Amino acid sequence: MTQADLTASTDRPFEALTRAQHGRRLLVLALPLIGSNLAQMAMNVTDTVMLGWYDVTALAAATLATSLYFLIFIVGAGFAWAVMPVVATAAEAGDPVRVRRVTRMGIWAGMIYSAVFVPPLMWAEDLFLALGQEPEVAAAGEAYLRIAAWAMVPGLVAMVMRSFLSALEHTAVLLWSTLGMAVCNALLNYALIFGNWGAPELGIRGAAIASLSMAVLQALVLLVYALRRLPEYDLVRRLWRPDLDVLGQVVRLGVPIGLTSLAEGGLFVATGVMVGWIGEVPLAAHGIALQITSVAFMIQVGLSQAATVRAGRALGRRDEAALRMIGQSGVALSVVSAGLVGLIFVTMPEPFVAAFVDPGDPARDAVVATGITLLSLAALFQIVDALQVMALGLLRGVQDTGVPMVFAAISYWLIGMPAGYLLGFPLGLGAAGVWLGLVVGLGLAASTLLWRFWSRSVRIGSA
């Protein structure tokens with residue numbers, strides 16, 4: 001099925017589609033999103049690998065700096081995520097003016113957020129020192145952020161454009177543009193970090209320049225595409241004009257989305273800290289297993305994004321029957337895909353874990369053994385994580401974000417985190433116990449969020 005087929009499909013009433021057809025449209029919409037998410041992850045891996053080749057201090061500093069940047073960026077990205085369901089609903093209702101207004105105010109919200117949070121990143125050295133980092137690492141981390149922090153501005157614009165294009169089911173451009181960025185990022189890193197091809201050797205600053213350049217380029221590519229291929233929305237028309245009512249809606253939807261993402265991201269950071277208390281080998285195995293599961297999780301993120309769009313379109317038609325079929329299809333696709341990945345993790349974990357460890361490392365056998373245990377547990381982890389992110393996607397599609405934020409935060413931090421500590425330490429299960437705590441927290445989140453969707457949020461009929 002082509003992009004043109006998908007666009008044309010919006011002319012057909014949702015009632016004309018069977019559950020299987022809804023599932024196919026959801027999957028076709030999700031595949032480019034999954035690919036673009038994987039390409040984005042490849043960019044991050046490229047940065048890590050090249051800085052690791054350059055200098056251990058540069059790698060440590062960049063890891064520290066990008067962790068801080070990510071935690072701040074992910075909250076601001078909530079405004080961009082909020083654009084997706086509202087644009088999908090407005091487009092389905094035949095309201096191009098509202099599509100333009102929402103997208104414009106999504107950009108405004110991102111710019112306001114950047115104006116508040118970019119300046120403090122310019123002086124991050126004192127924060128890093130207060131966190132007990134080595135002075136050399138803290139200074140290099142600040143040097144990186146003094147350049148890379150500005151990527152938040154074009155980065156949030158690009159996120160808004162991704163949401164706009166996803167909502168209108170123009171997802172192929174997201175895949176191909178991100179793949180292109182991944183290649184350009186690798187080449188620019190190679191030139192600027194190491195001083196190749198006549199470029200100056202800039203080390204960690206070179207990586208920061210590459211990240212900033214890619215953010216600017218992606219924002220421009222997506223904006224130009226939208227203006228050329230979707231001129232009916234005239235996105236830059238009166239871009240400077242405030243629209244306080246719509247801005248308020250974007251903020252009301254976006255803040256809970258951003259805080260939910262922060263709560264989940266913070267949960268994984270905290271589990272890493274707890275595993276670090278156990279020892280270096282478990283922490284290394286935890287990092288490897290988390291890296292592998294993060295790649296697999298991109299499948300679920302893409303499916304969730306597609307579910308947000310399709311649910312938003314059902315909301316635009318006030319078509320509860322279609323929304324129910326979309327929800328059923330989304331849950332089924334999540335369970336099947338997560339189950340297949342989990343089966344691979346259970347039956348053949350060793351090659352995946354071993355690929356991350358130097359064969360000559362004295363601790364290799366211990367790291368691989370622990371990693372195999374964690375990856376086997378990740379089979380359970382995959383299912384519950386897939387269900388909770390699909391539930392969040394469906395709820396965002398019908399613009400229900402406040403209560404889900406509360407459910408998620410309670411599940412992650414009041415249940416999952418204490419469960420991980422109890423199982424890992426007092427009950428003596430170590431890193432495996434911490435991961436079981438993740439399963440408990442994410443499982444509760446999946447249960448409560450799905451209950452919220454099926455018992456309340458799915459009821460969008462006009463009656």
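The residues in contact are R19, H22, G23, L26 and L27 on the α2 side, and A322, M325, I326, Q328, S329, G330 and L333 on the α12 side. I record here that the model is a predicted one.

I then looked up the geometry of this pair. Helix α2 covers residues 19-54 and helix α12 covers residues 320-347. Their axes come within 9 Å and cross at roughly 60 degrees. Angles of 65 to 115 degrees would count as roughly perpendicular and those under 35 degrees as roughly parallel, so α2 is classed as oblique to α12.

I next asked at what angle α12 and α16 pack. The angle is about 165 degrees, and the axes lie 11 Å apart; helix α16 spans residues 430-457. Because an angle over 145 degrees counts as roughly antiparallel, α12 and α16 are roughly antiparallel to each other. From α12, the contact uses L323, R324, G327, Q328 and V331; from α16, it uses L450, F453, W454 and S457. I noted that Q328 is listed in the contact with α2 and also in the contact with α16.

**Helix α11**

I turned to α11, which runs over residues 280-317. Helix α11 has 38 residues and reaches 54 Å from its first C-alpha to its last. That span is close to the 56 Å expected at 1.5 Å a residue. I found a bend of about 30 degrees at A296. Helix α11 is mostly covered, with 28 of its 38 residues buried. After the helix comes R318, and I recorded its phi as positive, near 55 degrees.

**Residue I292**

Lastly, I checked I292 against V86. The two are 206 residues apart in sequence, and their C-alpha atoms are 33 Å apart in space.

How values were computed: Residues numbered from 1 in each chain as written. Predicted model: local features only at pLDDT ≥ 70, side-chain atom pairs only at ≥ 80, totals over all residues. Heavy atoms only, no water. Helix = DSSP H or I, 4+ residues; strand = E, 2+ residues; numbered from the N terminus. Expected span 1.5 Å × (residues − 1). Bend = angle between axes of the 7 residues up to and from the residue. Buried < 20%, exposed > 50% of the residue type's maximum accessible area, 1.4 Å probe, protein only. Axes fitted to C-alpha atoms, helices over the stretch in contact; angles between N-to-C directions. Contact = heavy atoms within 4.5 Å.
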